[in-house]
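Dear colleague,

Please find below the structure for your records. My notes on the findings follow it.

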Amino acid sequence: MFKAKLKEAVICFGAGRVTLKYPFEPSPVPPKFRGKIEFDARKCIACGGCANVCPPRCIVIEDMGEVAKITFNLDRCIQCARCYEVCPEKAIWPTDEFETATPDKSDLKSEMIVWMSTCQRCGRCFETENAIDKFESKRWRGRGPGEANKHGIFPIKPPIDFTAQTSLVREPEEEKDQ
Amino acid sequence: MISDLCKKMLGKSLWLFHTNCGACNGCDIEVIDVLTPYYDVERFGMKLVGSPRHADALVVTGSVSRQVAPALRRLYEATPDPKVVIAVGTCAVGGNIWFDTYNILGGADKVVPVTVYIPGCPPRPEAIIYGAAMALGLVPKKTEAQHEQHVPKGFDLDAYLEKWKDTPAITR
């Protein structure tokens, strides 16, 4: 009995100190840890995929004509990172931040405003402003910064000149020459 | 301000009373985890007590259901002043995926005034320690709301949003 207790005591002394000194020293997170989400308004196209898959509906998109307002109610975010999985532009991603304790609940409500344009047919929003820049950044036939707009995406001589305001029915070329 | 108040009023040791208001047991496991020798929150003088009358702080886990709300209110009234309420987990902070169901009130702050919110599903044990240390005033607040906008130059956003103020929101 006494021997066994002595043995236990020796084992306990051998273990050393195991307690983390956490609040006074940083504690690294494991790989693939999903913490607080962050987002980039420059990349977002407001397609609504994240709002569609969010289980607690913490991402809400409001269409306001030329502007889409995206609200993140992080007080009910469960850090499942499904928004990150579904986002085509990777405009939203989980970070390593886990120290999200706060005395004020308004710290947990983030907001993003993206400028959109309205479709003349259906009246819904779509993103126009930097779509061509995106083609460029993905190296879709772009020849350098600013070039994709002129020659990159479209051929050098477009078959139909969309800018000229002529009738779509072409007249025979012979008549033109005369 | 709250941390200064807590520092002045509570002195050194924070005795916790842990109450489960309809949690899935995940946050409760993490709260127990914090008390193990590895994380050892007893360094700060915190320990679990068996009665709210002995406690300085209420640790609330779980989205508060309709059945348990009066009991939580009574627990809060039984705790002697000054007291701190720590909401642990996304359920207790905002109601999680049940925030709009009929039998869930959606957060502990609908019933009792909450001092520190610790979101996470479940929060890391370190996050709980961080929240508890913040209630004691040992560490500052780190997180902040993120407000971003991407509009062309010269677009008067405030005036535009003012125009849409009374229009019912179309969400998707």
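Strand 2 (residues 59-64) of chain A pairs with strand 7 of chain B in the antiparallel sense, over two bridges; pairing requires that DSSP finds at least two bridges between two strands. Helices (H or I, at least four residues) and strands (E, at least two) are DSSP runs, numbered from the N terminus. T171(B), in strand 7 of chain B, is the bridge partner of E62(A).

This is a predicted model, in which local features need pLDDT of at least 70 and side-chain atom pairs count only at pLDDT 80 or more, while totals for chains, interfaces and linings use all residues. Residues are numbered from 1 along each chain as its sequence is written, and chains are lettered from A and ligands numbered from 1 in the order in which they are written.

Regarding the interface, 47 residues of chain A are in contact with 49 residues of chain B (C-beta atoms, placed from the backbone, within 7 Å). Helix 5 of chain B gives the largest share of the chain B side, seven residues.

Within chain B, five strands form an open sheet with parallel pairing, in the order 2-1-3-4-5. Strand 2 (47-48) and strand 5 (116-118) of chain B are at the edges with a single partner strand each, so one side of each has no neighbour in the sheet. Strand 5 of chain B is joined to strand 4 (residues 84-88) of chain B by three bridges, and V88(B) has I118(B) as its bridge partner.

Yours sincerely

Notes
Contact = placed C-beta atoms within 7 Å.
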